[in-house]
Amino acid sequence: MLINPIDGLLTVNNSAYGMLQSRTEGVSWEICPVHTNITDLTVHPENDNIIFAAIEGGKLYRSVDEDVSWESVYSSSMDDQIV
């Protein structure tokens, strides 16, 4: 789970739906367009708008716009675990 301290964006990982986000303190949720097997989430230490998501199978995705869009930034040829 991640909480953006600036705007209160709440991001959680859910095994059934993948990554979910809420801008309403958990009252309503939106599904983020990222793979469902997320193993770890983290926010860039100097920019709260940048979020990284580690995916099963050695993949790493990055969002630079608070979960609106995602890009693949790393993919291993093996099934590495990224944490």
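This is a predicted model: local features need pLDDT of at least 70, side-chain atom pairs count only at pLDDT 80 or more; totals for chains, interfaces and linings use all residues.

Q: Is S76 buried or exposed?

A: A residue is called buried when its relative accessible area is under 20%. S76 has a relative accessibility of 13%, and therefore it counts as buried.

Q: Which residues does S76 touch, leaving aside those up to four places away in sequence?

A: With those sequence neighbours set aside, S76 touches G57 and G58.

Q: In what order do the strands of the four-stranded sheet stand?

A: The sheet is open, and its four strands follow the order β5-β6-β7-β8 with antiparallel pairing. Because β5 (38–43) and β8 each have a single partner strand, they stand at the edges, and one side of each is left without a neighbour in the sheet. From one strand to the next, the twist averages 20°.

Q: How many bridges join β5 to β6?

A: Five bridges join β5 to β6, the strand of residues 51–55, and the two run antiparallel.

Q: How many salt bridges are found in the whole structure, and which residues form a salt bridge?

A: A search of the whole structure finds one salt bridge. R62 forms a salt bridge with E71, and their closest N and O atoms are 2.6 Å apart. R62 counts as partly exposed at 28% relative accessibility, and E71 is partly exposed with a relative accessible area of 37%.

Note on methods
Residues are numbered from 1 along each chain as its sequence is written. Side-chain values use heavy atoms; hydrogens and water are left out. Buried means under 20% relative accessible area, exposed over 50%, partly exposed in between (1.4 Å probe, protein chains only). Contact means heavy atoms within 4.5 Å. Two strands pair if DSSP finds at least two bridges between them. Axes are lines fitted to C-alpha atoms, for helices over the stretch in contact, and angles run from 0 to 180 degrees between N-to-C directions. A salt bridge is a side-chain nitrogen of Lys or Arg within 4 Å of a carboxyl oxygen of Asp or Glu.
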